[in-house]
Amino acid sequence: MSTATIKPGVELDELGKFFTIAARRIDAGKTAPQMFSAAVDSAWHALLADPAAHEAFTLRYAGRELVHVETRGFGPIAWVAAYEEAYGPLPEIWFTNADGTVNTEALTRYRESGTVTAEWDCGPKPGPGDGDDLTPAASYL
């Protein structure tokens, strides 16, 4: 077991919300959400240092295991409306980098337009045992 310290805080709270949105999108057949916040992603990486804690956290918030995958891109963040419907406007932490600096320009654009266009380098996908790793049984008819 890892000795990593997973500190409760807004980043971890937002990661839980992100995982809930991820599960809803996956269940609806939509693409998994893009992780565009370096601050929230840092909390995810801290959680990854303790696999048992990570699995328990994803089960709690997503109802399944989710794994961290690298996936790079830039564009509109498709899950913002679902987040707002469930939790209200995105808080400042989503526009914060890993060292705690807020991208005030991006935050202001979001507050004025209600949309987010950003770069991302990772996201979730269903973990093993979620059914995605199964292949159909061979038919012998």
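Ala, Val, Leu, Ile, Met, Phe, Trp, Tyr, Cys and Pro count here as nonpolar, Asp, Glu, Lys and Arg as charged, and the others, Gly among them, as polar. These classes are used at several stops below. The model on screen is predicted.

**Whole chain**

Colour by burial next: of the 141 residues in the protein chain, 36% are buried. Among contacts in the chain with a separation of 6 or more, 77% are between residues 24 or more positions apart.

**Helices α1 and α2**

Select residues 10-27, which form helix α1, together with α2, residues 38-48. The axes of α1 and α2 come within 9 Å and cross at roughly 90°. Angles of 65 to 115 degrees count as roughly perpendicular, and α1 and α2 are therefore roughly perpendicular to each other.

Now show side chains. On the α1 side, pick E11, L12, E14, L15, F18 and F19; their partners in α2 are A39, V40, A43, W44 and L47. By class, this contact of α1 with α2 has 9 nonpolar residues, 2 charged and no polar ones.

**Helices α2 and α3**

To see the contact, select W44, L47 and L48 in α2, then P51, A53, H54 and F57 in α3. The residues of this contact of α2 with α3 comprise 6 nonpolar and 1 polar, with no charged residues.

**The largest pocket**

The largest pocket has a volume of about 360 Å³. Which residues are the closest to its centre? Select F36, S37, A38, A118 and E119; these are the closest of the 20 residues that line the pocket.

Then colour the lining by element. The elements giving two or more residues to the lining are α2, α5 (104-113) and β2 (117-126). Strand β2 gives the most, with 5 residues.

Finish by colouring the lining by class: 10 of its residues are nonpolar, 6 are polar and 4 are charged.

Technical notes:
Residues numbered from 1 in each chain as written. Predicted model: local features only at pLDDT ≥ 70, side-chain atom pairs only at ≥ 80, totals over all residues. Heavy atoms only, no water. Axes fitted to C-alpha atoms, helices over the stretch in contact; angles between N-to-C directions. Helix = DSSP H or I, 4+ residues; strand = E, 2+ residues; numbered from the N terminus. Contact = heavy atoms within 4.5 Å. 1 Å grid on protein atoms, 1.4 Å probe; cavity = no way out; pocket = protein on both sides within 12 Å on 5 of 7 lines; lining within 4 Å. Points joined across faces, edges and corners; volume = space filled by probe spheres on them. Buried < 20%, exposed > 50% of the residue type's maximum accessible area, 1.4 Å probe, protein only. Parallel < 35°, antiparallel > 145°, perpendicular 65-115°, else oblique.
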